[in-house]
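Morning, everyone. Please bring up the model on your screens, and follow along as I talk.

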Amino acid sequence: MRSIQVLLVGVCGYGANYIHEISDVRPEGVCIAGIVEVKDGIEELYPIIREQSIPVYRSVEAFYAEHQADLAIISTPIHLHYEQIQYCIRHGSNVLTEKPVCTSVSGAERLQEEEKQFGKFISVGYQLDYSRDVQALKKDILAGRFGKPLLMKCLHACRRGEAYYHRNGWAGKISVHGCAVNDSPFNNACAHQFQIMTFLLGDQPDSAASLRSVTGEVYRGNPCVDNFDIAAVKAVTNTGIPLFYYTGHPCREKKIGPEAQYSFAEGTVYFGHDFGNGPINEYVFQKKDGSIINYGTIDKGARLQKFYDAIQAVRDQSRPVCTVQCAIPHLQAVEALARLAVTDIPSGQVEVVSEDGDTFHEVRNFKEIFQICYDNQLMPSDVTDSWRN
Ligand SMILES: NC(=O)c1ccc[n+]([C@@H]2O[C@H](COP(=O)([O-])OP(=O)(O)OC[C@H]3O[C@@H](n4cnc5c(N)ncnc54)[C@H](O)[C@@H]3O)[C@@H](O)[C@H]2O)c1
């Protein structure tokens, strides 16, 4: 079996997962051809670099001047993705990029053209799409097992404080060096639960439903953050299915949800639903007659299944399931939310809390307000006046 040569671009943030996976698992037939990273001293962090004499460069240009790779894995700040993906594709590599694929729908469409022109794939790192339980659920949706989709909604928030926002130069920023970043919980930490709704409604195993419209309300609870840090979103797919999504960072709870409900003519798919014995963090379909299909019994695959699927796709000359098209509806929603005016939550509604060496901004009654919104498909302004001056 020919060894697949992998280039890792960005290894000190989320990208550490890939180098750890390769170091720990040593997958057969996979070889790190090189690393591109701007931080110094990574040889100290990752012993595999010295052990295997892996060349380290500061730019993709410098790497490709001396080497080639079958697959480039890009885990850099999101405003760098477009140019790095383009460069890797043009120099003969398939690409697995972290989400979002880039910073605009028009950029994503240009990357689709590059894929065609250079005969390579771009696979996007929304990991839920690669999970085998999600794929089984989607197969049943596509087979019409639950009837017509009617409405999907999800609530997912996670608390993030100063340490998160100060970990790099782009967290929470609207733009960096003139390039739109639109970093927010919707675009970053809580991106997955919105994207998965569009993916599940795609009319092919490897497509996502396009969006006809995106509206919503965006708020800033943490005044130190450039962009909004709370979003309530209503999107409608091109076939008229409404999607509601509620997310944010300035909450008291470390984590809220994910709690999701996908309604179909024949019943409902739940995630995080409490059937009486506490929330079940698995996809469960409950038919109107009460019968249940629990997708949690299906083996989800590897934690980094997206990596293994990309390796396999290189071998098979196929392409992984999360295509650039699958990333576009989420990106479309990111751009639509960026056009909304951000409302600052009155400071009297925000408590500043120090905990575990970090500082958090916590909006009072965040969970209660969003729970009412989620239960009734409402916007925060329908539920409270307290988030506006
Ligand atoms: N799939 C997930 O669940 C998940 C989770 C977190 C982050 N991400 C994604 O991973 C990507 C990176 O996010 P992060 O939080 O790790 O960002 P980060 O800024 O904390 O880390 C980015 C890494 O890229 C390096 N880097 C910066 N400029 C570079 C350049 N020009 N060339 C090479 N390397 C460079 C940095 O030194 C760092 O190692 C983003 O796309 C983000 O959305 C995905």
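Arg26 is partly exposed, at a relative accessible area of 39%. Here, buried means under 20% relative accessible area, exposed means over 50%, and partly exposed is in between, using a 1.4 Å probe and protein chains only.

A word on the source. This is a predicted model, where local features need pLDDT of at least 70 and side-chain atom pairs count only at pLDDT 80 or more, while totals for chains, interfaces and linings use all residues. Residues are numbered from 1 along each chain as its sequence is written, and side-chain values use heavy atoms, with hydrogens and water left out.

Back to Arg26. What does its side chain meet in a salt bridge? The side chain of Glu51, at 2.8 Å, N to O. A salt bridge is a side-chain nitrogen of Lys or Arg within 4 Å of a carboxyl oxygen of Asp or Glu. Arg26 sits in the loop between helix 1 (16-25) and strand 2 (30-36), and Glu51 sits in helix 3 (residues 48-51), so the pair ties together parts that are 25 residues apart in sequence. Helices (H or I, at least four residues) and strands (E, at least two) are DSSP runs, numbered from the N terminus. Glu51 is exposed, with a relative accessible area of 52%.

How many salt bridges does the structure hold? The count is 18.

Next, Arg159 and Glu355. They form a salt bridge too, with the closest N and O atoms 3.0 Å apart. This pair links distant parts of the chain, 196 residues apart: Arg159 is in the loop between strand 7 and helix 8 (162-165), and Glu355 is in strand 18 (residues 350-355). Arg159 is buried, at a relative accessible area of 8%. Glu355 is partly exposed, at 29%. Both belong to a network of salt bridges, which also links Arg252, Glu351, Glu362 and Arg364.

Now find helix 5. Contact here means heavy atoms within 4.5 Å. Just after helix 5, Gly92 takes a positive phi of about 90 degrees.

Stay with helix 5 and look at helix 6. Their axes come within 10 Å and cross at roughly 5 degrees. Axes are lines fitted to C-alpha atoms, for helices over the stretch in contact, and angles run from 0 to 180 degrees between N-to-C directions. The two helices are therefore roughly parallel to each other. The cut-offs: under 35 degrees is roughly parallel, over 145 roughly antiparallel, 65 to 115 roughly perpendicular, and the rest oblique.

Who meets whom? Tyr82, Ile85, Gln86, Ile89 and Arg90 in helix 5 meet Gly107, Arg110, Leu111, Glu114, Glu115 and Phe118 in helix 6. By class, the contact has five nonpolar, two polar and four charged residues. Ala, Val, Leu, Ile, Met, Phe, Trp, Tyr, Cys and Pro count as nonpolar, Asp, Glu, Lys and Arg as charged, and the others, Gly among them, as polar.

Glu114 pairs with Arg90, the closest N and O atoms being 2.6 Å apart. Glu114 is in helix 6 and Arg90 in helix 5, so the pair ties together parts 24 residues apart in sequence. Glu114 is buried, at 7% relative accessible area. Arg90 is partly exposed, at 43%.

Here is another helix pair. Helix 1 and helix 10 (residues 305-316) pack at about 75 degrees, with their axes 11 Å apart. That makes helix 1 roughly perpendicular to helix 10.

Nine strands form an open sheet in the order 16-15-14-13-7-12-11-10-17, with mixed pairing. Two strands pair if DSSP finds at least two bridges between them. Strand 16 (292-294) and strand 17 (342-344) stand at the edges with a single partner strand each, so one side of each has no neighbour in the sheet. Strand 10 (residues 211-220) runs parallel to strand 17, joined by three bridges. One of the details: Val218 has Val342 in strand 17 as its bridge partner.
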